[in-house]
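Let's take a walk through a protein together, one piece at a time. Have the sequence and the 3D view ready, and follow along as we go.

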Amino acid sequence: GKDGYRHFMEKELHEHPLVIGQTLQRMVDPASRRVFLPDMPFDLATVPRAVITACGSAFYAGMVGRYWLEAIARLPVDIDVASEMRYRNPPLTEGSLGLLISQSGETADTLAALRSLRQKAIHILSVLNVEHSTMARESDSVLGTVAGPEISVASTKAFTAQLTVLACLTIATARARGMLDALAEEELVAALLDLPSRAAEVFTQGAAIRRLAGVVAEARDVLYLGRGSMFPIAMEGALKLKEISYIHAEAYAAGEMKHGPISLIDRTVPIVASVPYTPLFDKTLSNLQEAKARGGRLLVFTDTKGADRVSAIAEDMVVLPHVHDFVAPILQTIPVQMLAYEVAVLKGTDVDQPRNLAKSVTVE
Ligand code: BG6
């Protein structure tokens, strides 16, 4: 049942801290602060390239994965949505790593992409929530997300669990490739281990998130902005809003806004920005200044370290706990999903069963 929550989505949102912790327990030794992945029939030290493919929210998790694998593990990564990857026929070096991400393990587009990668002698590593799924059977290796059953059509906890797995995979890959010494690994692992308690603190911000929801619910169009690993989180926020509140939302890399969508900005198009205090904080803030100068209403998710500077320009903001840059996209996912949820509640839509959508799409 819903355990007293209004919808399965609300219940599942509240499970973020738990599933991040459970997923970490599978892969992290807290005593040594090291990541241990199961044995896999390929060597992360020598794979020439990774090809990431998925659909929907899982694709955005993959985009964060690309950011981490390239920046931290120095592994070249190609990424595309599964329905495109399959037909692009990209040139692939034999022995590359195909990284498939899916909550259900049954999504037809992702499964078809998996099969086409397999034909090219690509190692198949899947990040899956349903461990006895078709994709699980057809993969060389599976890294499980320990999110439990996800009932709400819009993905919530499975997404942060996917990010948690990808973070651990990044650490293991970086170590294997000589990009991470023991001290640096301990620092990243400590940041991950800190997440369940920081994630739990996000729920103290419910009133602030509902305030933002009041503004967003009145809009016809909403622009979501973020940079770096926060760009896919903006995309996740925009997708969630579209899916369950039926409000049109677009996500842009904050720096790209001036090359087009800035022409849309006026008082009627709220801007939701994810701007924790990371090395991209200043750059993102100056992009937000540009939007504000054109009459944009800034609704900003930041953290305790960014709050002072954000408050100087934002119409409203939500202040989240400050965490290590590496894990900031995981933490910042929770409030953007909560925002979409609260907007849908205000709109009175069928939150758990949005029109035209299915939990698992088994046709291509
Ligand atoms: C969709 C769902 O169509 O499939 C999304 O509506 C989901 O929420 C996407 O992210 C991918 O599903 P899966 O099971 O492959 O992660």
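The largest pocket holds about 560 Å³ of space. Its lining is made by 30 residues, and those closest to the centre of the pocket are C55, G56, S57, T107 and K359. Before going further, please keep in mind that this is a predicted model.

The element that gives the most is α3, with five residues. If you sort the lining of the largest pocket by class, you find 14 nonpolar, 11 polar and five charged residues.

Let's stay with α3 for a moment and look at its partner α10. These two helices pack at an angle of about 170 degrees, and their axes are 8 Å apart. Why do we call them roughly antiparallel? Angles over 145 degrees count as roughly antiparallel, and therefore α3 and α10 fall into that group. On the α3 side, the contact is made by G56, S57, Y60, M63 and V64, while α10 brings F231, P232, I233, M235, E236, L239 and K240. By class, this contact of α3 with α10 has eight nonpolar, two polar and two charged residues.

F231 sits in helix α10. Along the chain, F231 and M63 are 168 residues apart, but their C-alpha atoms are separated by 8.7 Å. Setting aside residues up to four places away in sequence, F231 touches M63, G226, A251, Y252 and A253.

β5 belongs to an open sheet of five strands, arranged in the order β4-β3-β5-β6-β7 with parallel pairing. The edges of this sheet are β4 (77–81) and β7 (141–144), each of which pairs on one side only. From one strand to the next, the twist averages 20 degrees. Zoom in on β5 and its parallel neighbour β6 (residues 123–128), and you will find six bridges joining them. In this pair, G98 stands opposite I124 of β6.

The axes of α7 and α8 (residues 182–201) come within 11 Å and cross at roughly 175 degrees. These two helices are therefore roughly antiparallel to each other as well. Their contact joins A167, C168, I171 and R175 of α7 to E185, L188, V189 and L192 of α8. Sorted by class, the contact of α7 with α8 has six nonpolar residues, two charged residues and no polar ones.

Our last stop is F8, which lies in helix α1 (residues 8–13). In sequence, F8 and A154 are 146 residues apart, and in space their C-alpha atoms are 9.9 Å apart. Which residues does F8 contact, leaving aside its neighbours within four places in sequence? They are G1, K2, I151, S152 and D352.

Terms used:
Residues numbered from 1 in each chain as written. Predicted model: local features only at pLDDT ≥ 70, side-chain atom pairs only at ≥ 80, totals over all residues. Heavy atoms only, no water. 1 Å grid on protein atoms, 1.4 Å probe; cavity = no way out; pocket = protein on both sides within 12 Å on 5 of 7 lines; lining within 4 Å. Points joined across faces, edges and corners; volume = space filled by probe spheres on them. Helix = DSSP H or I, 4+ residues; strand = E, 2+ residues; numbered from the N terminus. Nonpolar A, V, L, I, M, F, W, Y, C, P; charged D, E, K, R; others polar. Axes fitted to C-alpha atoms, helices over the stretch in contact; angles between N-to-C directions. Parallel < 35°, antiparallel > 145°, perpendicular 65-115°, else oblique. Contact = heavy atoms within 4.5 Å. Pairing = 2+ DSSP bridges.
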